[in-house]
Amino acid sequence: MFKAFASSITGSICTHAILKGVGVGNENASAIAATFTWLLKDGVSMIGRIGFAWLQGTKLDSDCKL
């Protein structure tokens, strides 16, 4: 329960920081830059999850009580 809550908060803070970083709310920022950054964030996240599962997946299965 707490893990899901912490993950949601982390995702919200990350999204806020990224959107602020590309200039959401700034009249000089472009929508293309915000869209590209959003896709980049999601892509890196997916690659990280896949990489973690690939590297640690067998260890999690054999040592499930650790």
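Student: Why is D42 called partly exposed?

Tutor: D42 has a relative accessible area of 29%, and because buried means under 20%, exposed over 50% and partly exposed in between (1.4 Å probe, protein chains only), D42 is partly exposed. This is a predicted model, in which local features need pLDDT of at least 70 and side-chain atom pairs count only at pLDDT 80 or more, whereas totals for chains, interfaces and linings use all residues. Residues are numbered from 1 along each chain as its sequence is written, and side-chain values use heavy atoms, with hydrogens and water left out.

Student: What makes the contact of K41 and D42 a salt bridge?

Tutor: The term asks for a side-chain nitrogen of Lys or Arg within 4 Å of a carboxyl oxygen of Asp or Glu, and the side chains of K41 and D42 meet at 3.1 Å, N to O, so the pair qualifies under that definition. A search of the whole structure finds one salt bridge.

Student: Why is K41 called partly exposed?

Tutor: K41 has a relative accessible area of 23%, and therefore receives that label.

Student: Which residues line the largest pocket?

Tutor: The lining consists of S7, T10, G11, C14, K41, D42, S45, M46 and R49, and α2 gives the most to this lining, with five residues. Both α1 (2-21) and α2 (31-62) supply at least two residues of the lining, and the protein chain has two helices and zero strands, where helices (H or I, at least four residues) and strands (E, at least two) are DSSP runs, numbered from the N terminus.

Student: Why is F2 called exposed?

Tutor: F2, whose place is in helix α1, has a relative accessible area of 65%, and so is exposed.

Student: How much of the protein chain is buried?

Tutor: Buried residues make up 8% of the 66 residues in the protein chain.

Definitions and conventions. 1 Å grid on protein atoms, 1.4 Å probe; cavity = no way out; pocket = protein on both sides within 12 Å on 5 of 7 lines; lining within 4 Å.
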